[in-house]
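Here is a short briefing to read alongside the model. Have the sequence and the 3D view open, and take the topics one at a time.

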Amino acid sequence: MSNTLPSEGHGQNAKSLLPMRKLSLIDMAIGHCDLALKTLVAGRTTSMRRNPADEQSPPSLDAQQQKHSAGLMRVNHAGEVCAQALYQGQSLTAKLPSVRRDMTNAATEEEDHLAWCQQRLNELNSRASVFNPIWYGLSFGIGASAGLVSDKLSLGFVAATEQQVCKHLDKHLTALPEQDGKSRAIVSQMRQDEAEHAQTALAAGGVQFPKPVTFVMSQVAKVMTSLSYRL
């Protein structure tokens, strides 16, 4: 998210020649509140890219398979809520403009995932996790705190988180019903995007987290996954 806005002017060329003004704390607070509502309220997020599930035929699932697919996609949706909050928190406190821009770009791509998961939940006659507001608040706090410490730590946290997400998505690709091509198509594209986010964060200077830290992260993720699958 850019921390500047163009002054008033007429036409694209006029705007590009006018000075930029800094956003006030109130402006930034309003902006992040709007993003939070957009993330947490079903149907408010739209995707820039076409949903890969649209290319798949509706699967024939029995009641148990449908319930299982819905539970897994609810977990994925909760993960995308966390990703939005994490990136938004980090963009708020990032010190370098390039890092802030990278966080904002990643959040934009994650919006696609959020919209795709919500669409699939709707198709499965299910809903998002009731714990999403909690996951959002915790993730936003972690992201903002990491950004306050240093950009390298913030980027390292992104890389470690995305690496954990890739492992979790690999398990979902195995666990999803074979005939549920719609859910599998979404998860496959998400997996590809998350791996790219991890590599980008490391290439931008993110620190590689030690195994004890990533182990703790994985245990916390298990708690979130278990709760979101059921509720």
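Phe215, Val216 and Val220 make a nonpolar surface patch of about 300 Å². Keep in mind as you look around that this is a predicted model.

- Val216 belongs to helix H8, which covers residues 211-230.
- With a relative accessible area of 48%, Val216 is partly exposed.

**Overall layout**

- The protein has 8 helices and 2 strands, and their order along the sequence is β-α-β-α-α-α-α-α-α-α.
- Of its 231 residues, 43% count as buried.
- The accessible surface comes to about 12100 Å², and carbon and sulfur atoms account for 61% of that.
- Taking contacts between residues at least 6 apart in sequence, 82% join residues at least 24 apart.

**Nonpolar cores**

- In soluble globular proteins, nonpolar side chains tend to be buried together.
- The largest nonpolar core here has 14 residues, and the members that touch the most others are Met73, Cys117, Leu124, Ile186, Val187 and Met190.
- Helices H3, H4 (97-123) and H7 (181-203) each supply at least two residues of this core.
- Apart from this core lies another one of 7 residues, including Ala83, Tyr87, Val158 and Ala201.
- Leaving aside residues up to four places away in sequence, Met190 touches Asn76, Glu80, His113, Cys117 and Leu169.

**Salt bridges**

- The structure holds 5 salt bridges.
- Arg49 pairs with Asp112, with the closest N and O atoms 2.6 Å apart.
- Arg49 is partly exposed at 28% relative accessibility, whereas Asp112 is buried at 2%.
- Arg49 also forms a salt bridge with Asp193, where the closest N and O atoms are 2.8 Å apart.
- Asp193 is buried, at 2% relative accessibility.
- Asp180 and Arg120 meet through their side chains in a salt bridge of 2.8 Å, N to O. Asp180 is in the loop between helix H6 (151-175) and H7 and Arg120 is in helix H4, so parts 60 residues apart in sequence are tied together.
- Both partners of that pair are buried, Asp180 at 0% and Arg120 at 3%.
- Through shared partners, salt bridges join Arg49, Asp112 and Asp193 into one network.

**A buried polar contact**

- Gln88, in helix H3 (residues 63-93), is buried with a relative accessible area of 3%.
- The side chains of Gln88 and Tyr136 are joined by a polar contact of 2.4 Å.

Technical notes
Residues numbered from 1 in each chain as written. Predicted model: local features only at pLDDT ≥ 70, side-chain atom pairs only at ≥ 80, totals over all residues. Heavy atoms only, no water. Helix = DSSP H or I, 4+ residues; strand = E, 2+ residues; numbered from the N terminus. Buried < 20%, exposed > 50% of the residue type's maximum accessible area, 1.4 Å probe, protein only. Polar contact = N/O pair within 3.5 Å; in protein donor to acceptor, adjacent residues only side chain to side chain. Contact = heavy atoms within 4.5 Å. Areas by Shrake-Rupley, 256 points an atom, 1.4 Å probe, with all protein chains shown as cover. Patch = residues over 30% accessible without salt bridge, like charges linked within 9 Å, V, L, I, M, F, W, Y side chains within 5 Å. Salt bridge = Lys/Arg side-chain N within 4 Å of Asp/Glu carboxyl O. Core = buried A, V, L, I, M, F, W, Y, C linked by side-chain atoms within 4.5 Å.
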